[in-house]
Amino acid sequence: MITLKNVTKSFDNKAVLSDIDLEIKNGSVYGIAGSNGAGKSTLLRLIAGIYKPDKGEITADKAPVWENPAVKGRIAFVPEEPYFPSVVSIKSSAESYKLLYPSFDFDKCLTLAMDSGLDYRKPVSSFSKGMKRQAALILALSQNADYLFFDETFDGLDPVMRTRFKNLINEEVISRGATAVVTSHSLRELEDVCDELVILHNGSVVYENAVDMIKSSYFKVQIAYDGPKREEDFEGLEILDKSKNNSVFELIIKGGRAEVTEKLRATEPALLDIMPLSLEEFFVYELKTQGYTAEPVKGGLR
Amino acid sequence: MKKNIWSKGLYLEGLRRLRGLMITFSALTIVFVVAFSVILRIVGGLYGRGTSGLYLTWPYLIFVFIGAPAFAFKTFSFLNKRGSSDFFHALPYTRSCIFLSLLTSLITGIAAVTAISGAAIFTAYAFSGAGADTVREVAIFTFCSFVSSLFTASIVVLSSSVSGSVFTELVLSGVILIFPQVITYVFNNFVYSSVYTASGGGQYNLAGSMNVPDFNNLPLRLFLSYVGGSAEDMTEPFPLIYSAVVCVLYLVGAYLLFRFRKSETAERSAPSLKVQAVFRVILACAFSFIGTLELIRGIIDGSYVYNYLPTVIILYTIAAIAYFIFELISTKGKRNIFKALPVFGIVIALNIAFAGLFYGVHSYEYSFGTKPEQVNSITVYAYNSYSGSVKSLTDTAYCACLREGYKINGEDTVNDICNNIAYANEHGSRSSAGNYMRFNIKSGPMTKQRSLNILTSLETKIKAEIKQSEKYKKYLKLIPSQIEDKDPYEFVGISLNEKDVKKNAYGYEKIEKVLYALRAEVKDADADEWESYLKSNGAENDVYVQYYTSFGYLKIPLSETYTPNAYSAAMEALEKN
């Protein structure tokens with residue numbers, strides 16, 4: 001388990017992460033989402049032992065990550081802009097990885113490359129952006145690391161490859177008990193692959209929970225009535241957000257689906273539609289509560 | 001070795017990174033050696049040393065100043081890109097391990113290219129049938145080239161450990177290369193101009209000892225030995241030791257900086273805004289300190305201040321441009337120029353402080369005045385090096401006394417010197433007429449130094465006193481040989497002339513025979529008689545020994561009557577010529 005305690009990181013006296021407390025359990029896939037500049041990449045680099053926290057402590061199975069080769073040997077990190085020790089070919093890079101990571105599986109790397117349709121003898125510099133990311137993912141997966149960190153790695157992949165690599169990561173998690181942490185701007189990406197979601201905003205963790213919990217506990221409700229309705233009619237429901245569009249109320253409600261449905265039906269609506277909240281909608285709602293909203297353009301559309 | 005100090009995998013990866021450069025430089029050397037050997041064989045030229053050093057060892061020079069820095073740059077270039085920096089800092093090794101493993105690959109790479117180049121050069125010389133001296137010289141050059149390469153590489157390693165961009169790395173490498181020279185230049189001139197007693201020309205040689213980086217920088221000496229063709233310079237051990245020590249210090253500094261270097265420095269000019277400001281200040285001071293030095297020297301020089309002004313203005317302009325251009329290029333933001341403006345005040349403040357220190361120390365040292373009754377002793381020196389026209393041993397002996405320093409005994413002379421100092425203090429140090437001389441005045445526990453123009457009458461008095469001294473008589477009878485007594489004569493050449501036919505006799509043995517005879521004759525001569533002989537027999541004498549000294553052109557007349565043995569030896573030498 002990776003544990004972060006009161007972790008703070010600043011650049012040029014500007015705090016990028018402040019007092020982060022987080023536990024990343026082994027054998028799961030964590031998704032880290034957040035507003036722009038929330039500190040997602042910084043957080044990933046901190047837990048990969050690349051950056052040193054200004055304050056606080058980061059441990060993996062109770063051993064410090066920073067300057068600890070034993071722990072870092074169990075980590076594979078793929079940055080947003082992948083780096084290859086050799087641009088000659090994937091094979092040449094794999095030779096470097098073999099020298100640098102004792103647990104690196106050279107044959108696995110070549111097999112994965114072939115299965116992905118990448119020519120491991122071709123120069124990496126001739127690859128497209130997406131192909132480079134695939135190559136970086138292959139090299140990282142071949143490290144057989146216990147902790148796999150991907151910084152917006154899936155954003156440049158086509159849907160087929162995205163699915164393939166998500167499956168490969170899931171396979172690592174299931175077969176070897178590996179732990180994966182994925183950052184992304186696209187909540188859709190995380191929804192498919194993550195077990196847990198962490199939302200960062202302004203350098204702080206504003207939400208952390210299981211993805212299934214969000215899907216089963218948060219609902220978006222569209223409800224309309226023939227006559228006027230008062231606040232008291234919704235009593236007993238945990239309404240997180242409410243808006244009205246003509247006669248249709250749009251509610252975000254937290255609770256068990258059966259219980260919520262029953263209570264809303266009791267209000268005798270003319271229209272009732274209960275839908276699970278997507279991660280993207282949850283993200284927008286969660287950041288709205290933090291005062292982070294997309295303000296309408298002043299003056300509106302002309 | 002344990003994994004947390006050195007890693008074989010990282011070491012081999014370091015060598016993989018250098019592979020291309022190693023092949024390129026080795027191939028270039030071999031091509032050069034083969035091509036040049038063929039050309040020399042065809043034109044029948046010299047394999048050995050020409051005016052430009054040992055011809056075939058020229059690739060060393062290229063490698064020292066281009067190859068080795070490129071190797072160092074390539075080895076640690078990962079620090080300049082975020083992706084590569086993250087990759088290396090994510091590796092399962094400590095920072096010490098990363099640095100030491102890559103450093104050993106760098107040293108191995110440099111050693112390998114030097115060895116391959118050396119082998120090619122030695123082979124070429126072996127085929128040419130070069131003598132043992134040439135082989136020895138090539139061996140010395142090979143070793144010196146290796147140490148010099150490590151020296152230039154260590155500069156790049158040091159700068160890469162503290163910067164995060166190629167531009168800053170290049171600028172810092174330049175600064176590290178020249179800053180010790182700038183500091184010693186400024187310090188030496190400061191001491192020389194304001195505290196002469198502590199300078200190399202004075203009593204304590206403080207400035208002289210600070211010349212170490214100037215004269216013992218091995219890459220610089222290597223460069224000069226190629227340009228100047230003085231390969232023997234490389235045989236001196238001290239530059240080798242000095243450069244090796246500095247190289248080690250640079251690498252230790254680089255290691256410490258690397259350990260504490262933040263990975264996020266990649267793609268940034270400096271680890272923090274403060275360090276960025278320090279870079280700018282050092283860069284600007286490298287130029288502005290010399291400007292301030294020249295400015296104060298100009299002010300001290302009084303009426304000559306206008307001679308210094310153009311240099312001062314140019315140097316200050318360069319300092320300001322370097323300061324702001326560095327900020328503009330390294331941070332890629334026009335706005336940063338304005339942000340950098342306040343810190344430029346530190347550059348100005350440092351220069352004002354330096355100017356104040358310089359002028360203050362100078363004024364303090366030079367405003368010294370004393371009363372004769374407070375003086376314990378006064379020693380008079382020639383100001384700087386005496387370069388007047390010298391024709392006779394009488395002049396040489398007088399100059400030698402002044403160069404060594406002559407302690408004034410005459411009470412009357414001491415009074416006159418004190419009065420001259422008082423006059424100079426009142427009217428400005430340059431308001432007296434006459435020659436410039438330097439006095440070390442011991443008053444109580446302090447020794448102060450004053451350099452001033454003295455009245456002609458005072459110089460005559462000093463000269464008269466010196467000419468009565470045993471020291472003067474000693475120098476008067478000192479006939480310098482070709483290999484001994486170089487100081488204070490520092491002789492360069494010797495010849496025998498016969499007035500009418502201008503016959504010259506050269507050659508160690510012939511000349512030494514004349515000098516030996518002359519010395520034996522002068523040794524037993526009465527000093528006063530010898531002096532009057534010298535005064536009455538000048539350059540118009542038929543036969544004379546002629547020296548070129550640092551004082552000027554010196555001739556010692558030989559005569560059949562006063563120096564018969566030397567005269568006959570000289571005649572014999574001339575006839576045999």
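Are Phe87(B) and Phe88(B) buried or exposed?

Modeller: Happy to! Phe87(B) and Phe88(B) are both buried, where buried stands for under 20% relative accessible area, exposed for over 50% and partly exposed for anything in between, using a 1.4 Å probe and protein chains only. Please keep in mind that this is a predicted model, in which local features need pLDDT of at least 70, side-chain atom pairs count only at pLDDT 80 or more, and totals for chains, interfaces and linings use all residues. Residues are numbered from 1 along each chain as its sequence is written, chains are lettered from A and ligands numbered from 1 in the order in which they are written, and side-chain values use heavy atoms, leaving out hydrogens and water.

Over all chains, the structure holds 35 aromatic pairs; rings of Phe, Tyr and Trp (its six-membered ring) pair if their centres lie within 6.5 Å, and planes under 30 degrees apart count as stacked, over 60 as edge-to-face and the rest as tilted. One of them joins Phe32(B) and Phe36(B): with ring centres 5.1 Å apart and planes at 10 degrees, this pair is stacked. Both residues belong to helix 1 (residues 8–43) of chain B, and because they are four residues apart there, about one helical turn separates them. Helices here are DSSP runs of H or I with at least four residues, numbered from the N terminus. Phe32(B) is partly exposed, at 27% relative accessible area, and Phe36(B) is partly exposed too, at 25%.

Now back to your two residues. The ring centres of Phe87(B) and Phe88(B) lie 5.5 Å apart, and their planes make 80 degrees, so they form an edge-to-face pair. They also belong to a cluster linked by ring pairs. From chain A, the cluster includes Tyr83(A), Tyr97(A), Tyr101(A) and Phe104(A). From chain B, Phe87(B) and Phe88(B) are joined there by Phe76(B), Phe78(B), Phe99(B), Tyr255(B) and Phe258(B).

Rings can have charged neighbours as well. In chain B, the charged end of Lys463(B) sits over the ring of Tyr398(B), at 4.9 Å from the ring centre. To count as sitting over a ring, NZ of Lys or CZ of Arg must be within 6 Å of the ring centre and within 35 degrees of the ring normal.

Conventions:
Helices (H or I, at least four residues) and strands (E, at least two) are DSSP runs, numbered from the N terminus.
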